Amino acid sequence: MSIGELLSQYGEKYLSAMLMTWELTFLAFLLALIIGIAITVFRICPIRPLRMAGEFYVQIFRNIPGAALLIILVYALPYLGIVWSYFACVLIAVSLIPSAFCSEYLMAGINTIQLGQIEAARALGMTFFQMIKNVVLPQAIRSSVLPLTNLLVATMLTTSLASQVPLSPTDLTGIVSYINTRSVGGVAAFVISAFLYCMTAVVIGFVGNRIDKKVRILR
């Protein structure tokens, strides 16, 4: 089938798949950012067990394959009596791995903060959490806009894991399998999905660059 024929016959399916990919990307990145910030706070806090827990989390989820994590959530946890929906399993798998990289990027952003600012915050009598909230995290996030933009693109691509479970509506990768099991979509079906992935990534990159220019810290 040609691209025109695919779009005329499966255009609505592609639209649903794109919206599902966007939904998974937004929710997963939001969760990854929240978890990543929490893990980063653990890694720099003065309590050693929390620092060790943060480092352990990063080492685990930075190195585990996404497909393996999804298999554990979908097929292994039910043996322990823990059953989640396919959407929840995909969302968790797509969130935990980027959260580890998010913490690494934030740590790199924290390393750009001058020591004098930390000492000034201590001299003003700020508590650890006040210093994190008002001095450390705002600057770390501003310094990490471009890496976090790349992480958002990577998160979007990782949502292709949804194609491995019977999710409805499916994502941009799953729609290719859906089409090819019902008709001969061939390479054209992949081309359409790849184009939609690329256009989404271009928009994310453009917005990320604009945000970086506005919030970048000039040193």
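Visitor: Is Val 176 buried or exposed?
Guide: Buried means under 20% relative accessible area, exposed means over 50%, and partly exposed is in between, with a 1.4 Å probe and protein chains only. Val 176 has a relative accessible area of 4%, so this residue is buried. The model is predicted: local features need pLDDT of at least 70, side-chain atom pairs count only at pLDDT 80 or more, and totals for chains, interfaces and linings use all residues. Residues are numbered from 1 along each chain as its sequence is written, and side-chain values use heavy atoms, with hydrogens and water left out.

Visitor: In which helix does Val 176 lie, and what does Val 176 touch?
Guide: Helices (H or I, at least four residues) and strands (E, at least two) are DSSP runs, numbered from the N terminus. Val 176 is part of helix α8, residues 174–180. Contact means heavy atoms within 4.5 Å. Not counting residues up to four places away in sequence, Val 176 touches Ala 189, Phe 190 and Ser 193.

Visitor: How many helices and strands are in the chain?
Guide: The chain has nine helices and zero strands, and its pattern along the sequence is α-α-α-α-α-α-α-α-α. Its C-alpha atoms fill a box of roughly 70 × 45 × 20 Å along the principal axes. Of the 219 residues in the chain, 41% are buried. Among contacts with a separation of 6 or more, 78% join residues 24 or more positions apart.

Visitor: How many residues does the largest nonpolar core have?
Guide: In soluble globular proteins, nonpolar side chains tend to be buried together. A nonpolar core is a set of buried Ala, Val, Leu, Ile, Met, Phe, Trp, Tyr and Cys residues joined through side-chain atoms within 4.5 Å. Here the largest has 24 residues, and Leu 69, Leu 70 and Val 90 have the most contacts inside it. Helices α1 (3–44), α2 (48–61), α3 (66–76) and α4 (86–110) each supply at least two of its residues. The largest share, eight residues, comes from α4. Beyond four places in sequence, Leu 70 touches Cys 89, Val 90, Ala 93, Leu 161, Gln 164 and Val 165. A second, separate core has 23 residues, including Met 18, Phe 29, Ile 175 and Ile 192.

Visitor: At what angle do α4 and α7 pack?
Guide: Axes are lines fitted to C-alpha atoms, for helices over the stretch in contact, and angles run from 0 to 180 degrees between N-to-C directions. Angles under 35 degrees count as roughly parallel, over 145 as roughly antiparallel, 65 to 115 as roughly perpendicular and the rest as oblique. The angle between α4 and α7 is about 165°, with axes 10 Å apart, which means that α4 is roughly antiparallel to α7. In this contact, Val 94, Pro 98, Phe 101, Cys 102 and Tyr 105 of α4 meet Pro 147, Leu 148, Leu 151, Thr 155 and Thr 158 of α7.

Visitor: Which residues does Thr 155 touch?
Guide: Thr 155, in helix α7 (residues 145–158), touches Thr 25, Ala 28, Phe 29, Val 94 and Pro 98, leaving out residues up to four places away in sequence. With a relative accessible area of 1%, Thr 155 is buried.

Visitor: How do the axes of α2 and α4 cross?
Guide: The axes of α2 and α4 come within 8 Å and cross at roughly 125°, so α2 is oblique to α4. Tyr 57, Val 58 and Phe 61 of α2 make the contact with Leu 96, Ile 97, Ser 99, Ala 100, Ser 103 and Glu 104 of α4.

Visitor: Is Arg 43 buried or exposed?
Guide: Arg 43 lies in helix α1 and is buried, at a relative accessible area of 10%. Leaving aside neighbours within four places in sequence, Arg 43 is in contact with Arg 51, Gly 54, Glu 55, Val 58, Ser 103, Glu 104 and Met 107.
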